[in-house]
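Let's take a walk through this fold, starting with the sheet and ending at a metal site. Keep the picture open while you read.

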Amino acid sequence: MHSQTPISAYPVRDCSPAAIPFPSVFGAEIISITANRVDDASIPIAAENPFGRRPENAENFSYCNVTVSHTHPGWGDTLRTQVWLPTENWNRRMQGIGGAGMVAGLFPWNEFPMYSAVGQGYAAMTVDGGLPSWTTEDWALLSPGNVNKYLLEDFASRSLADGTLIAKSVIESFYGEAPQYSYWAGCSQGGRQGMMLAQKYPTLYDGIHASAPAFNWNHQIVGNFWPQQVMNEMEEYPRPCELQALTDAAIEACDGLDGVKDGLISDMDACYFDPFTLVGKRIGCPDVRGRIPISQAAAIIADAVWTGSNGNSPEYGMIDTYDPDLSAFRKAGGKLVTFHGLADEILPFGNTRNYYEEVTKRDPDVADFYRYFETPGLGHCGGNIGPVPNGIFERLVDWVEHGKTPESLTATGPPDKRGKVRNRILCPYPQKAKYDGKGDVNAYDSWSCH
Ligand SMILES: [Ca+2]
């Protein structure tokens, strides 16, 4: 896949804690190192996925699993960094793997991208952020009203720098040389982490894939609670079938505006749909096994979801991750790619678009190092009916190492109603994909960026 020759005959290094000296990271005190060799590993899932392709070397590979624990003296925290080192065919690169939800990393969901990275020859890294559990209720407050600021800072940023520096040190000890290139791969929380790395630690990674980032917390958290707040204030809670009917109607109204009636709204800017026009319309509702009229409350909620709130909070500044100044990352030669599903049901794509526009205001040549791809019909990091970007991570590597700019991406989706697989192209914002007006709509070359 890559032109660089892997070190196929590299001597297998000693996978034991004694062979790996404690990394030296400013402000961190290493507590312990464990190392275990894993043989006959296999990739558990066979599919194209947002993190990259299933590698050819997906069966029976071996790696050394190194876990490093450290603390920041005085903070009372314990962070764990895990590094998986392929014992053969290391490609001289490192890949950091991000978390999800309110988890920093090192949890069962990110085992697949870890395996996938190691199977491709990367030394893979993930860090748990020092969080004692997967739910914020267990750690975010020290007492009512008092945020656990040390752990919040670990989660927000510090663990990313520490974990990366620890991993680079372990890699150098194991192979006898530092990685030539370092990459980050993450979506959602992992996307936010990637953005934080670009903003705050601009020299640690050569390439960052940060998709559907869970950033802009000051607005995001308020925005996520906004529809619930509207319902609470109205004391009315519409049925899911009402909101589904309004969503279906919006898709029906806006689908064709991009030139193709395919169930995908590719031109969100041209889409305006007034949910109040459907108040009173009777719809089939599986929730009640009958027909009901769409309520005024349902239209108000749909409007609240689609337009969002202007709410704000000062509470999350540490983890906001919305600094549009990427000049240091650019200066260091970094490259950044992001996709965001236009049907993302958890984090609205507008957040990412606004951020890209803020970066563009500061740097009109932003496309030289940062490309953002809006993905019609795609849910949060995947799912829904939209096409999934193909091999975006590999495109990032090509950009960093060979200067091949991703002018567009191909994307493949689930079959449409007639059973035809949806192939589309994705264009870097603000360009849009347009059907050329002739040829198979499911063929890549029937589309172009404008
Ligand atoms: Ca369409």
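Before we start, contact here means heavy atoms within 4.5 Å. Helices (H or I, at least four residues) and strands (E, at least two) are DSSP runs, numbered from the N terminus. Axes are lines fitted to C-alpha atoms, for helices over the stretch in contact, and angles run from 0 to 180 degrees between N-to-C directions.

This is a predicted model, where local features need pLDDT of at least 70 and side-chain atom pairs count only at pLDDT 80 or more, while totals for chains, interfaces and linings use all residues. Residues are numbered from 1 along each chain as its sequence is written, and side-chain values use heavy atoms, with hydrogens and water left out.

**The sheet**

Look for an open sheet of nine strands in the order β1-β2-β3-β5-β4-β8-β9-β12-β13, with mixed pairing. β1 (29-41) and β13 (370-375) stand at the edges with a single partner strand each, so one side of each has no neighbour in the sheet. From one strand to the next, the twist averages 15°.

| Pair | Bridges | Direction |
|---|---|---|
| β1 and β2 | ten bridges | antiparallel |
| β2 and β3 | eight bridges | antiparallel |
| β3 and β5 | four bridges | antiparallel |

**What is covered?**

Buried means under 20% relative accessible area, exposed over 50%, and partly exposed in between (1.4 Å probe, protein chains only). Strand β3 (residues 79-86) is mostly covered, with seven of its eight residues buried. Helix α1 (residues 111-119) is mostly covered as well, with eight of its nine residues buried. Those buried α1 residues, including Phe112, Met114 and Tyr115, pack against β1, β2, β3, β4 and β5. Following α1 you'll find glycine 121, with a positive phi near 100°.

Is glutamine 95 buried or exposed? With a relative accessible area of 4%, glutamine 95 counts as buried. Its place is in strand β4 (residues 93-97). Leaving aside neighbours within four places in sequence, glutamine 95 is in contact with several residues, among them Ala117, Tyr122, Tyr183 and Phe393.

**Helices on the sheet and on each other**

Helix α8 (residues 349-362) lies across β12 and β13, running at about 155° to β13. Helix α3 (residues 189-200) also meets a helix: α2 (residues 149-175) packs with it at an angle of about 65°, with axes 10 Å apart. In that contact, Phe155, Ala156, Ser157 and Leu160 of α2 meet α3 residues that include Gln189, Met196 and Leu197.

**The calcium site**

Which residues hold the calcium ion? Asp255, Asp258, Val260, Asp262 and Leu264 coordinate the calcium ion at 2.3 to 2.6 Å. Donors are N, O and S atoms within 2.8 Å of the metal (3.2 Å for Na, K and Ca), and water is not among the atoms, so sites may look incomplete. Along the chain, the donors follow the spacing D-x2-D-x1-V-x1-D-x1-L. Aspartate 258 and valine 260 are both buried.

Technical notes. Two strands pair if DSSP finds at least two bridges between them.
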